[in-house]
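Please read them with the sequence and structure at hand.

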Amino acid sequence: MKIEKDVIIVGGGPIGIACALECKKRNWNYVVIEKGAIANSLFNYPKNMTFFSTSEKLEIDEIPFISKNPKPNRDEALEYYRRVATANKLNINLYELVRSIKKENNQFSVSTNKHNYTAHYVIISTGFYDIPNLMKVPGEDLPKVTHYYKEAHNYALQNVVVVGASNSAVDAALEIYRKGGHVTMVVRGNAIGERVKYWVRPDIVNRIEEGSIKAYFNAEVEKIEEETISIKTPDGNVTIDNDYVVALTGYLPNFEILKASGITLSDDGRQIPSYNPETMESNVENLYLAGVICGGKETHKWFIENSRIHAKLIAANIESKIKE
Ligand SMILES: Cc1cc2nc3c(=O)[nH]c(=O)nc-3n(C[C@H](O)[C@H](O)[C@H](O)COP(=O)(O)OP(=O)(O)OC[C@H]3O[C@@H](n4cnc5c(N)ncnc54)[C@H](O)[C@@H]3O)c2cc1C
């Protein structure tokens, strides 16, 4: 039997929750289907991470987000989005994976690992944190390699290579160094990323300059073995002792679910899904995109701060269609 809904929201991150609030206000029969916990991507962020945004910029539907410091940490953000979801009694099905979204006879069939649904409108807000951007080098599948950094304790007294120079890589390198790990950074560009939080950048630059953290610039990992790692540098290949590799080389959205639902992606390498920026409706009528998924491979383009507005744009558009 198919469960009938007006609106299905795929993904229960901050933006999916914002969409649910808009549906609830209008008394629509909606459900959020989330494959993990509430705000699952944030749940998987490093334990001690601090957002670069101040808490009011992460608020959804103007519900106050109170944090101890101007920029909240992961635990405070989880507290906030969880409380927004539970206090507003939002309809969220957790630990349910959406496998396909198909348009048939002017309505959508949404299949999950648990149920089959129909809906007039579907909002895809699946983010980008589930598929690591792989280095595609031998040894990347060894158990000592991770693409997700959680905390530093297990890296104390170990030889750790951190790959990347973004906020996540810099936070991990500094934290591991300060907990007694021997850190080497492998950076593809010629410097630490310009987008690194302005209050963190001098710290990493100084640690590299003083030699506390070794960094290879214009460099790439070539091969990972049980006890070593080989790095391609401008001065030739280097092989060093290595216990762990923390490869923070970015993540990719799940393009397959978008393509299979009929959404077209730009063919310029960026794979940006096509949508109307005024309504967030994709090229498939009544199928909407919200949040960071809208950027395709440009995963830095959209974040909570600038995409929380998507929920209101989508709800206004659906409302105008219902009134027609
Ligand atoms: C370390 C780090 C720091 C950041 N700091 C900031 C900051 O300071 N300010 C800011 O604005 N942004 C920040 N961001 C970015 C921000 O966290 C993301 O932009 C935000 O999570 C986007 O929200 P979203 O709801 O679009 O996607 P997500 O939060 O990724 O939510 C998507 C949800 O969809 C679920 N999902 C995926 N596929 C399926 C499926 N098939 N079926 C069911 N559910 C599915 C996922 O489990 C996930 O819960 C940061 C990101 C990182 C990685």
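1. Strands β12 (residues 220-224) and β13 (residues 228-233) run antiparallel and pair over four bridges; pairing requires that DSSP find at least two bridges between two strands. Strands here are DSSP runs (E, at least two residues), numbered from the N terminus. The two strands β12 and β13 make a hairpin, with three residues between them. Glu-220 has Lys-232 of β13 as its bridge partner.

2. This is a predicted model, in which local features need pLDDT of at least 70 and side-chain atom pairs count only at pLDDT 80 or more, while totals for chains, interfaces and linings use all residues. Residues are numbered from 1 along each chain as its sequence is written, and side-chain values use heavy atoms, with hydrogens and water left out.

3. The domain assignment, whose bounds come from an automatic or database source, gives domain 1 as 3-131 + 251-323 and domain 2 as 134-247. Their C-alpha centres are 32 Å apart.

4. Between them, domain 1 and domain 2 bury about 1,000 Å², 50% of it on carbon and sulfur atoms; buried area is the accessible area (1.4 Å probe) that two parts lose on being put together, summed over both. On the domain 1 side, Lys-47, Tyr-251 and His-300 lose the most area to domain 2, together 36% of what that side buries.

5. One salt bridge is counted between domain 1 and domain 2, the term denoting a side-chain nitrogen of Lys or Arg within 4 Å of a carboxyl oxygen of Asp or Glu. The side chains of Lys-47 and Glu-151 form a salt bridge at 3.6 Å, N to O.
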